[in-house]
Amino acid sequence: MALEFAEKTRRIPVYPVAAGYSLGADVTMLASNEAAFGPLEPVVEVARHAVLGANRYPDPSYMQLRRALSDRYGIPWERVALGSGSCDLLLAAGEALLEPGAELVYAWPSFSMYPHLAAASGARAIEVPLNADAVHDLDAIATEVTVATRLVLICNPNNPTGTALPLEDIEAFLDRIPDHVCVILDEAYVEFSLTVGDPFASLPLLARHPNLVILRTFSKVYGLAGLRVGYGLCGSETFRIAVDQVRQPFYLTSAAQAAGAEALKYQDEVERRVVATVAARTTVTDALRERGLWVAESDANFVWVRLAEDGGDGPVVDALRERGVIVRSGTALGGPGFARVTLGTDAENARFLAALAEL
Ligand SMILES: Cc1ncc(COP(=O)(O)O)c(C=O)c1O
């Protein structure tokens, strides 16, 4: 007899994972918004050291990493939530906050995990279209907030479009949202954003909005996507307590905790990576626009480019893959006709542009 799964299992959309992992060495992976740079040597060293003690469970209070983040951002450790990647925190937020009858509001297209939260919990998802410039429409989002709303997700800069809102707009938006509604400001790409300015700029919002959680990750500028470490800086302790309640006690490995804490020490290198990424962003955006393609104004480590009429992105993405360049088809991300291209090294970006020129 076939297994009988819970109804929610049928509802949860399959996450659109990147293709190309099995294609071998001569492939340029520009599909997952990872860093083109590897982790730094001292970070690798502390992770190696942690693995030597892997017969023991990790510290379930995650105190070294919580304190490192608390020291850097000036937020008490009690208001630092952690997760096995920020995806883990998003899913835990869905589990802790949502249930049938509750509502969740977010822009669309936005990060492809967001629809999971409603599907897994039975809550209602309200997807508010981006405006014509592929930017969040905060007015329209605020209008959708009702007594049933438990959670609002704002992705800034937005994945997959890369577009960012100035913090004044976010602040004015937060003023319109009732205090019982949790707002997660997903800043996975904030370090790359010239519009936001720097990763400290949004922190003052926490003092004024206890319902706010600023979500961050070590997967992007810190180059630790494979170790899975994310964090949330919270306006109040209650969010951290709730998301810790719905997860297993050891959601972060000892190597991940140690690597995250160590990685924070090398901010000069982070700065260098940001400068290189911003330069690559300008080069790739200009080159695509010179070909007459529409490209969203990106503030992240990827660009969102219109390749074809609705649905026509698939053949272009396939043809790029045949040339060894893996980018993400917009169709899977809620934007048929578009592709999302992660910025790689100069050589990788040049390979992408050369492959596209052949098509
Ligand atoms: C907007 C956004 N939020 C969160 C994440 C999750 O990242 P991670 O789980 O690796 O921390 C991603 C990953 O691509 C993302 O684009």
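## Ligand shell

Of the 13 residues around the ligand, those that come nearest are Ser86, Asp186, Tyr189, Thr217 and Ser219. The model is predicted. By class, the shell splits into five nonpolar, five polar and three charged residues.

## Polar contacts and burial

An oxygen atom of the ligand is 2.7 Å from a polar side-chain atom of Arg228.

How much of the ligand does the protein bury? Taken alone, the ligand exposes 390 Å². The protein buries 94% of that area.

## Helix packing

Helix H11 spans residues 267-290, and helix H13 spans residues 346-358. The two pack at an angle of about 5°. Their axes are 11 Å apart. Angles under 35 degrees count as roughly parallel, so H11 is roughly parallel to H13.

Which residues make the contact? H11 supplies Ala280, Val284, Ala287 and Leu288. H13 supplies Asn349, Phe352, Leu353 and Leu356. Seven residues of this contact are nonpolar, one is polar and none is charged.

Strand S5 covers 149-155, and helix H7 covers 167-175. The loop between them holds Pro157. Pro160 also has its place in the loop between S5 and H7.

The peptide bond from Asn156 to Pro157 is cis, with omega near -5°. The peptide bond from Asn159 to Pro160 is cis as well, with omega near 20°. For context, most peptide bonds are trans.

Where is Ala134? Ala134 lies in the loop between strand S4 (124-129) and helix H6 (138-143). Its phi is near 65°, a positive value in a residue other than glycine. Most residues other than glycine have a negative phi.

Definitions and conventions. Residues numbered from 1 in each chain as written. Predicted model: local features only at pLDDT ≥ 70, side-chain atom pairs only at ≥ 80, totals over all residues. Heavy atoms only, no water. Axes fitted to C-alpha atoms, helices over the stretch in contact; angles between N-to-C directions. Helix = DSSP H or I, 4+ residues; strand = E, 2+ residues; numbered from the N terminus. Parallel < 35°, antiparallel > 145°, perpendicular 65-115°, else oblique. Contact = heavy atoms within 4.5 Å. Nonpolar A, V, L, I, M, F, W, Y, C, P; charged D, E, K, R; others polar. Near = heavy atom within 4 Å. Polar contact = N/O pair within 3.5 Å; in protein donor to acceptor, adjacent residues only side chain to side chain. Areas by Shrake-Rupley, 256 points an atom, 1.4 Å probe, with all protein chains shown as cover.
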